[in-house]
Amino acid sequence: DGVGSADKQRARETIRDALTTLDWHDKVTFVRVNARDTGFLEDDIREVVRGRPTAILQGKCRGPQDIVYLDGLITIAELDAGIPYGTVKIASMIERATALEEVSQLAAASARLMALFIGCSDLGNEYGYRRTYRGQELETLWARSRVVLAAHHAGLLAIDSPYLYFTDLEGTEVQSRWAYTLGFDLKACVSPRQLPVVNRAFTPSRDEIEWAEDVLKGETEATLAGRAVWAVDGMMTDAPFVLRAEGILQRARAADALTAARTDAADGA
(Lines give C-alpha, C1' and ligand atoms only; values in the text may rest on other atoms or scores of the structure.)
Protein backbone atom coordinates (compact mmCIF):
# COMPACT_ATOMS: atom_id res chain seq x y z
CA ASP A 1 0.00 0.00 0.00
CA GLY A 2 3.05 2.27 0.01
CA VAL A 3 3.35 2.14 -3.78
CA GLY A 4 2.11 4.96 -6.03
CA SER A 5 -1.13 4.37 -7.96
CA ALA A 6 0.60 4.10 -11.32
CA ASP A 7 2.91 1.35 -10.06
CA LYS A 8 0.49 -0.81 -8.10
CA GLN A 9 -0.06 -3.46 -10.77
CA ARG A 10 3.68 -3.84 -11.32
CA ALA A 11 4.13 -4.13 -7.55
CA ARG A 12 1.48 -6.85 -7.36
CA GLU A 13 3.19 -8.84 -10.09
CA THR A 14 6.61 -8.36 -8.50
CA ILE A 15 5.33 -9.64 -5.16
CA ARG A 16 3.57 -12.62 -6.79
CA ASP A 17 6.73 -13.53 -8.70
CA ALA A 18 8.92 -13.16 -5.61
CA LEU A 19 6.62 -15.43 -3.63
CA THR A 20 6.67 -18.12 -6.31
CA THR A 21 10.33 -18.01 -7.40
CA LEU A 22 12.36 -17.33 -4.24
CA ASP A 23 12.97 -19.93 -1.52
CA TRP A 24 10.70 -19.14 1.42
CA HIS A 25 11.10 -22.55 3.09
CA ASP A 26 10.45 -22.29 6.86
CA LYS A 27 9.67 -18.57 6.46
CA VAL A 28 6.47 -16.68 7.23
CA THR A 29 5.47 -14.24 4.49
CA PHE A 30 3.10 -11.31 5.07
CA VAL A 31 2.01 -9.03 2.23
CA ARG A 32 0.54 -5.69 3.30
CA VAL A 33 -2.26 -4.68 0.96
CA ASN A 34 -4.32 -1.54 0.44
CA ALA A 35 -7.22 -0.69 2.72
CA ARG A 36 -10.76 -1.66 1.75
CA ASP A 37 -11.89 1.89 0.98
CA THR A 38 -9.07 2.62 -1.53
CA GLY A 39 -10.52 0.68 -4.47
CA PHE A 40 -7.23 -1.23 -4.85
CA LEU A 41 -7.80 -4.10 -2.42
CA GLU A 42 -9.70 -6.40 -4.75
CA ASP A 43 -6.95 -6.38 -7.41
CA ASP A 44 -4.30 -6.78 -4.70
CA ILE A 45 -5.90 -9.97 -3.43
CA ARG A 46 -6.62 -11.41 -6.87
CA GLU A 47 -2.96 -11.15 -7.85
CA VAL A 48 -1.07 -11.71 -4.60
CA VAL A 49 -2.98 -14.78 -3.38
CA ARG A 50 -1.64 -16.65 -6.43
CA GLY A 51 1.77 -16.47 -4.77
CA ARG A 52 0.47 -18.25 -1.65
CA PRO A 53 1.77 -15.88 1.04
CA THR A 54 1.39 -17.06 4.61
CA ALA A 55 -0.95 -14.16 5.29
CA ILE A 56 -2.42 -10.97 3.92
CA LEU A 57 -1.63 -8.04 6.21
CA GLN A 58 -4.67 -5.77 6.17
CA GLY A 59 -3.72 -2.16 6.77
CA LYS A 60 -6.04 0.43 8.30
CA CYS A 61 -8.65 -2.13 9.28
CA ARG A 62 -11.76 -0.40 10.62
CA GLY A 63 -13.44 -3.33 12.34
CA PRO A 64 -14.80 -6.89 12.03
CA GLN A 65 -16.65 -6.06 8.80
CA ASP A 66 -13.35 -5.41 7.00
CA ILE A 67 -12.01 -8.79 8.14
CA VAL A 68 -15.12 -10.58 6.89
CA TYR A 69 -14.89 -8.78 3.54
CA LEU A 70 -11.21 -9.66 3.16
CA ASP A 71 -11.91 -13.29 4.06
CA GLY A 72 -14.43 -13.44 1.22
CA LEU A 73 -11.99 -11.96 -1.28
CA ILE A 74 -9.31 -14.45 -0.31
CA THR A 75 -11.76 -17.34 -0.59
CA ILE A 76 -12.65 -16.36 -4.15
CA ALA A 77 -8.99 -15.83 -5.09
CA GLU A 78 -7.99 -19.22 -3.67
CA LEU A 79 -10.78 -20.89 -5.65
CA ASP A 80 -9.79 -19.12 -8.88
CA ALA A 81 -6.12 -20.07 -8.39
CA GLY A 82 -6.83 -23.68 -7.45
CA ILE A 83 -5.43 -23.19 -3.97
CA PRO A 84 -6.95 -25.20 -1.07
CA TYR A 85 -9.42 -23.22 1.02
CA GLY A 86 -7.86 -21.64 4.09
CA THR A 87 -4.27 -21.71 2.83
CA VAL A 88 -3.80 -17.93 3.03
CA LYS A 89 -4.27 -16.41 6.50
CA ILE A 90 -5.00 -12.86 7.65
CA ALA A 91 -3.04 -10.52 9.90
CA SER A 92 -4.76 -7.26 10.78
CA MET A 93 -3.23 -3.86 11.50
CA ILE A 94 -4.95 -2.17 14.45
CA GLU A 95 -4.38 1.47 13.51
CA ARG A 96 -7.89 2.90 13.53
CA ALA A 97 -9.82 3.92 16.66
CA THR A 98 -12.86 1.89 15.57
CA ALA A 99 -10.70 -1.22 15.20
CA LEU A 100 -9.23 -0.75 18.68
CA GLU A 101 -12.70 -0.18 20.15
CA GLU A 102 -13.95 -3.45 18.59
CA VAL A 103 -10.70 -5.40 18.74
CA SER A 104 -12.16 -8.41 20.59
CA GLN A 105 -14.93 -8.84 18.00
CA LEU A 106 -12.40 -8.23 15.23
CA ALA A 107 -10.12 -10.97 16.59
CA ALA A 108 -12.98 -13.47 16.31
CA ALA A 109 -14.24 -12.35 12.88
CA SER A 110 -12.51 -15.00 10.74
CA ALA A 111 -10.93 -18.42 11.14
CA ARG A 112 -8.18 -17.14 8.83
CA LEU A 113 -6.91 -14.64 11.39
CA MET A 114 -3.46 -15.49 12.74
CA ALA A 115 -2.20 -12.17 14.13
CA LEU A 116 -3.04 -8.66 15.31
CA PHE A 117 -0.44 -5.98 14.58
CA ILE A 118 -0.67 -2.62 16.33
CA GLY A 119 0.12 0.44 14.21
CA CYS A 120 0.94 3.04 16.84
CA SER A 121 1.56 6.02 14.55
CA ASP A 122 -1.65 5.92 12.53
CA LEU A 123 -3.65 4.95 15.60
CA GLY A 124 -2.34 7.95 17.51
CA ASN A 125 -3.80 10.36 14.96
CA GLU A 126 -7.31 9.22 15.92
CA TYR A 127 -6.71 8.12 19.51
CA GLY A 128 -5.08 11.43 20.42
CA TYR A 129 -1.97 10.35 22.34
CA ARG A 130 1.19 12.28 21.47
CA ARG A 131 3.64 9.60 20.46
CA THR A 132 7.19 10.04 21.76
CA TYR A 133 8.60 7.20 19.59
CA ARG A 134 11.41 6.31 22.00
CA GLY A 135 11.67 4.11 25.07
CA GLN A 136 8.60 2.50 26.59
CA GLU A 137 6.18 5.01 25.03
CA LEU A 138 3.87 4.91 28.03
CA GLU A 139 1.33 7.00 26.13
CA THR A 140 0.64 3.88 24.03
CA LEU A 141 0.59 1.43 26.96
CA TRP A 142 -3.16 0.91 27.15
CA ALA A 143 -3.60 0.52 23.40
CA ARG A 144 -0.69 -1.90 23.10
CA SER A 145 -1.91 -3.94 26.08
CA ARG A 146 -5.44 -4.04 24.69
CA VAL A 147 -4.20 -5.54 21.42
CA VAL A 148 -2.09 -8.14 23.24
CA LEU A 149 -5.06 -9.17 25.37
CA ALA A 150 -7.44 -9.47 22.41
CA ALA A 151 -4.91 -11.42 20.37
CA HIS A 152 -4.05 -13.92 23.08
CA HIS A 153 -7.67 -14.34 24.15
CA ALA A 154 -8.43 -15.39 20.56
CA GLY A 155 -5.32 -17.55 20.22
CA LEU A 156 -3.58 -15.15 17.80
CA LEU A 157 -0.09 -13.73 17.61
CA ALA A 158 0.41 -10.18 18.90
CA ILE A 159 2.88 -8.09 16.85
CA ASP A 160 4.30 -4.78 18.04
CA SER A 161 5.07 -1.71 15.94
CA PRO A 162 8.68 -1.22 14.80
CA TYR A 163 11.16 1.08 16.49
CA LEU A 164 11.56 3.75 13.82
CA TYR A 165 15.03 5.00 14.78
CA PHE A 166 16.54 1.99 13.03
CA THR A 167 20.18 3.09 13.44
CA ASP A 168 19.72 3.33 17.22
CA LEU A 169 20.28 -0.29 18.19
CA GLU A 170 20.39 0.45 21.91
CA GLY A 171 16.98 2.13 21.66
CA THR A 172 15.74 -0.79 19.56
CA GLU A 173 16.71 -3.19 22.33
CA VAL A 174 15.08 -1.11 25.07
CA GLN A 175 11.76 -0.90 23.25
CA SER A 176 11.91 -4.53 22.09
CA ARG A 177 12.47 -5.77 25.64
CA TRP A 178 9.52 -3.67 26.78
CA ALA A 179 7.34 -5.20 24.05
CA TYR A 180 8.43 -8.67 25.18
CA THR A 181 7.57 -7.73 28.77
CA LEU A 182 4.09 -6.55 27.73
CA GLY A 183 3.39 -9.93 26.15
CA PHE A 184 3.95 -9.33 22.43
CA ASP A 185 5.07 -12.39 20.51
CA LEU A 186 6.92 -10.47 17.80
CA LYS A 187 8.14 -6.98 16.97
CA ALA A 188 8.33 -5.54 13.47
CA CYS A 189 11.56 -4.06 12.10
CA VAL A 190 12.22 -1.39 9.49
CA SER A 191 15.82 -2.44 8.88
CA PRO A 192 17.60 -5.83 8.81
CA ARG A 193 20.20 -4.43 11.21
CA GLN A 194 17.51 -4.50 13.93
CA LEU A 195 16.79 -8.21 13.55
CA PRO A 196 19.46 -9.67 15.86
CA VAL A 197 18.70 -7.02 18.48
CA VAL A 198 14.97 -7.78 18.46
CA ASN A 199 15.57 -11.54 18.45
CA ARG A 200 17.84 -11.18 21.47
CA ALA A 201 15.27 -9.08 23.32
CA PHE A 202 12.55 -11.66 22.67
CA THR A 203 14.73 -14.53 23.90
CA PRO A 204 14.48 -15.31 27.65
CA SER A 205 17.44 -13.95 29.58
CA ARG A 206 19.80 -16.11 31.63
CA ASP A 207 18.12 -14.80 34.81
CA GLU A 208 14.67 -15.78 33.50
CA ILE A 209 15.87 -19.25 32.58
CA GLU A 210 17.48 -19.79 35.98
CA TRP A 211 14.31 -18.59 37.71
CA ALA A 212 12.20 -20.97 35.61
CA GLU A 213 14.47 -23.90 36.41
CA ASP A 214 14.31 -23.07 40.13
CA VAL A 215 10.50 -22.93 39.98
CA LEU A 216 10.26 -26.39 38.40
CA LYS A 217 12.83 -27.80 40.80
CA GLY A 218 10.85 -26.33 43.70
CA GLU A 219 7.62 -27.81 42.32
CA THR A 220 9.15 -31.29 42.30
CA GLU A 221 10.37 -30.95 45.86
CA ALA A 222 7.05 -29.47 47.03
CA THR A 223 5.07 -32.27 45.38
CA LEU A 224 7.18 -34.93 47.08
CA ALA A 225 6.62 -33.15 50.39
CA GLY A 226 2.87 -32.82 49.81
CA ARG A 227 2.91 -29.02 49.59
CA ALA A 228 1.08 -26.81 47.08
CA VAL A 229 3.15 -23.69 47.76
CA TRP A 230 6.91 -23.23 47.87
CA ALA A 231 9.47 -20.41 47.78
CA VAL A 232 11.95 -19.36 45.10
CA ASP A 233 14.46 -16.73 46.24
CA GLY A 234 12.11 -15.77 49.05
CA MET A 235 9.08 -15.35 46.75
CA MET A 236 5.93 -17.40 47.27
CA THR A 237 5.41 -19.67 44.28
CA ASP A 238 2.61 -22.05 43.27
CA ALA A 239 0.95 -23.65 40.21
CA PRO A 240 0.50 -20.50 38.02
CA PHE A 241 4.25 -19.88 38.24
CA VAL A 242 4.88 -23.37 36.85
CA LEU A 243 3.03 -22.48 33.65
CA ARG A 244 5.10 -19.32 33.30
CA ALA A 245 8.32 -21.24 33.92
CA GLU A 246 7.43 -23.89 31.35
CA GLY A 247 6.69 -21.17 28.80
CA ILE A 248 10.05 -19.48 29.41
CA LEU A 249 11.97 -22.72 28.95
CA GLN A 250 9.96 -23.66 25.86
CA ARG A 251 10.77 -20.30 24.29
CA ALA A 252 14.43 -20.64 25.23
CA ARG A 253 14.63 -24.10 23.66
CA ALA A 254 12.99 -22.79 20.49
CA ALA A 255 15.54 -19.96 20.30
CA ASP A 256 18.40 -22.43 20.77
CA ALA A 257 17.02 -24.67 18.02
CA LEU A 258 16.70 -21.72 15.65
CA THR A 259 20.26 -20.60 16.35
CA ALA A 260 21.52 -24.13 15.74
CA ALA A 261 19.62 -24.37 12.46
CA ARG A 262 21.04 -21.05 11.27
CA THR A 263 24.56 -22.17 12.21
CA ASP A 264 24.13 -25.44 10.32
CA ALA A 265 22.81 -23.58 7.29
CA ALA A 266 25.74 -21.16 7.35
CA ASP A 267 28.23 -24.03 7.67
CA GLY A 268 26.55 -25.82 4.78
CA ALA A 269 26.76 -22.71 2.61
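## A first look at this predicted chain

One member, Leu164, sits in the loop between strand E5 (157-160) and helix H8 (169-182). Leu164 counts as partly exposed because its relative accessibility is 39%; buried means under 20%, exposed over 50%, and partly exposed in between (1.4 Å probe, protein chains only).

This is a predicted model, in which local features need pLDDT of at least 70 and side-chain atom pairs count only at pLDDT 80 or more, while totals for chains, interfaces and linings use all residues. Residues are numbered from 1 along each chain as its sequence is written, and side-chain values use heavy atoms, leaving out hydrogens and water.

### The whole chain

The chain has 11 helices and 8 strands, taken as DSSP runs numbered from the N terminus (helices H or I, at least four residues; strands E, at least two). Its C-alpha trace spans about 70 × 50 × 40 Å along the principal axes. Of its 269 residues, 41% count as buried.

Helix H7 covers residues 141-153 and has 13 residues. From first C-alpha to last it reaches 18 Å, close to the 18 Å expected, where the expected span is 1.5 Å times one less than the number of residues. Ala143, Arg144, Val147, Val148, Ala150 and Ala151 are its buried residues. Just after H7, Gly155 has a positive phi of about 75°.

Which residue does Arg144 meet in a salt bridge? The partner is Asp160, and the link runs from helix H7 to strand E5, between residues 16 apart. Asp160 also pairs with Lys187; Asp160 lies in strand E5 and Lys187 in strand E6 (residues 186-187), so this pair ties together parts 27 residues apart in sequence. Salt bridges with shared partners join Arg131, Glu137, Arg144, Asp160 and Lys187 into one network. A salt bridge means a side-chain nitrogen of Lys or Arg within 4 Å of a carboxyl oxygen of Asp or Glu, and the count comes to 23. Here are some of them:

| Salt bridge | N to O distance |
|---|---|
| Arg16 and Asp17 | 2.9 Å |
| Arg144 and Asp160 | 2.7 Å |
| Asp160 and Lys187 | 2.8 Å |

Arg144 and Asp160 are buried, and Lys187 is buried too. Arg16, in contrast, is partly exposed at 23% relative accessibility, as is Asp17 at 35%.

### Phe117 in strand E4

Phe117 belongs to strand E4 (residues 113-118) and is buried, with 11% relative accessibility. Leaving aside residues up to four places away in sequence, Phe117 touches Leu57, Ser92, Met93, Ile94, Ile159, Asp160, Ser161 and Ala188; contact means heavy atoms within 4.5 Å. The C-alpha atoms of Phe117 and Ala151 are 9.1 Å apart, although 34 residues separate them along the chain.
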